[in-house]
Amino acid sequence: MDAVDDPNAKLTVRQATKIYRTASGDLVAIDRCNLDVRAREIVSIVGPSGCGKTTLLWSMSGLHGLTAGEVRLDGKPITGPNPEIGMVFQDANLLPWRNLDSNIAFPFEIKGGKPDRAWVDHLMHRVGLDGFGAKMPRELSGGMQQRAALVRALSFKPSVLLMDEPFGALDSFTREEMNRLVEEIWMETPTTIVLITHSIEEAVFLSDRVVVMSPRPGRVASIHPVPFPRPRSIEIMTTREVFDLMTTIKLEIVGERKSLSAPKPAAPPSAALDRAAS
Ligand SMILES: Nc1ncnc2c1ncn2[C@@H]1O[C@H](COP(=O)(O)OP(=O)(O)OP(=O)(O)O)[C@@H](O)[C@H]1O
């Protein structure tokens, strides 16, 4: 999908290509991806396993370099980790020997600073962790650890939050609770959010737009606007329109999977491979 610069874009991905050099040869994970994410928008990225979702998200974070193409934040190329960008992963990644307060303070310590205590207290209250600051990670459920990871990511007041399958390890009830919490926090303090998920329901519940990626090498195959009002109640999520949208996206991904397993005619080498070889 080719893209023209969106004047309201917060994040701009242009011709993003990533080739991993592996022992068995070069692997093109994503190939000329284009995407604009607008300020204060929630965008989910879905697609078949291995299509390059994480690769794309990490390139947005600046933690992984691209082989070709670029990602821009507010028009400026992202070339490394950026304080404007927070991240949440499937694993809460809390240091087991530090309590919650100290886990949240840790990234600030590394940089030689301190978190804004009032803001952290507000976030802890917001996610339902009031009074849990002195608890060790092992004393908390998976859902509570993910809440703490969310507080840690938001404690920097990032303008962009990247979430890599953040609730994938949680049971479905806790996952829905976390989805509602993210929507509530976002409605109070709109941040630009890009979320990777394997759950179409989660993608539709949370997003303003759902991006479907093609099988590897991943490209943006289609983008679906999600026009339903917020907050997205159970009543909204069980309407015919939501069901139809989820079905369309599911069928598209299944179709993409089928095309992945079907024998493919020899394709001309991509521009990315040409570049890598030269
Ligand atoms: N560091 C790496 N070195 C080599 N290959 C890698 C590396 N990271 C990812 N890959 C490969 O790149 C492809 C895309 O991986 P990626 O994790 O981005 O996909 P994904 O869509 O997030 O997958 P999943 O949905 O299964 O989490 C896969 O084939 C994966 O094996």
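**Exercise 1. Determine which helices cover the buried residues of α2, and which residues of α2 are buried.**

Solution. The cover over the buried residues of α2 includes α3 (117–126) and α4 (142–154), where contact requires C-beta atoms, placed from the backbone, within 7 Å. Helices here are DSSP runs of H or I with at least four residues, strands are runs of E with at least two, and both are numbered from the N terminus. Helix α2 itself spans residues 100–111, and its buried residues are Leu100, Asn103, Ile104 and Ala105. A residue counts as buried if 20 or more other C-beta atoms lie within 10 Å of its own, as exposed if 12 or fewer do, and as partly exposed in between, with C-beta atoms placed from the backbone. An α-helix has 3.6 residues a turn, so residues three or four places apart point the same way. After α2 comes Gly112, with a positive phi near 80°.

The model is predicted, so local features need pLDDT of at least 70 and side-chain atom pairs count only at pLDDT 80 or more, whereas totals for chains, interfaces and linings use all residues. Residues are numbered from 1 along each chain as its sequence is written.

**Exercise 2. Find which residues touch the most other members of the largest nonpolar core.**

Solution. The core has 66 residues, and Val151, Leu162 and Val194 are the ones that touch the most other members. Such a core is a set of buried Ala, Val, Leu, Ile, Met, Phe, Trp, Tyr and Cys residues joined through C-beta atoms within 7 Å. Leaving aside residues up to four places away in sequence, Val151 touches Ile104, Val120, Leu123, Met124, Val127 and Leu129.

**Exercise 3. Describe how strand β1 pairs with β2 and with β4.**

Solution. Two strands pair if DSSP finds at least two bridges between them. Strand β1 (residues 9–22) runs antiparallel to strand β2 (residues 25–38), with ten bridges joining them, and a hairpin of two residues connects the two strands. Within this pair, Ile19 stands opposite Val28. Strand β1 also pairs with strand β4 (residues 68–73), again in the antiparallel sense, over five bridges, and there Arg14 faces Glu70.

**Exercise 4. List the residues around the ligand and state which element gives the largest share.**

Solution. The shell consists of Tyr20, Thr22, Leu27, Ala29, Ser49, Gly50, Cys51, Gly52, Lys53, Thr54, Thr55 and Arg216, a residue being near if its C-beta atom, placed from the backbone, lies within 6 Å. Two or more residues come from each of β1, β2 and α1, and α1 gives the largest share, three residues. In α1 (residues 53–61), the buried residues include Lys53 and Thr55.

Terms used: Contact = placed C-beta atoms within 7 Å.
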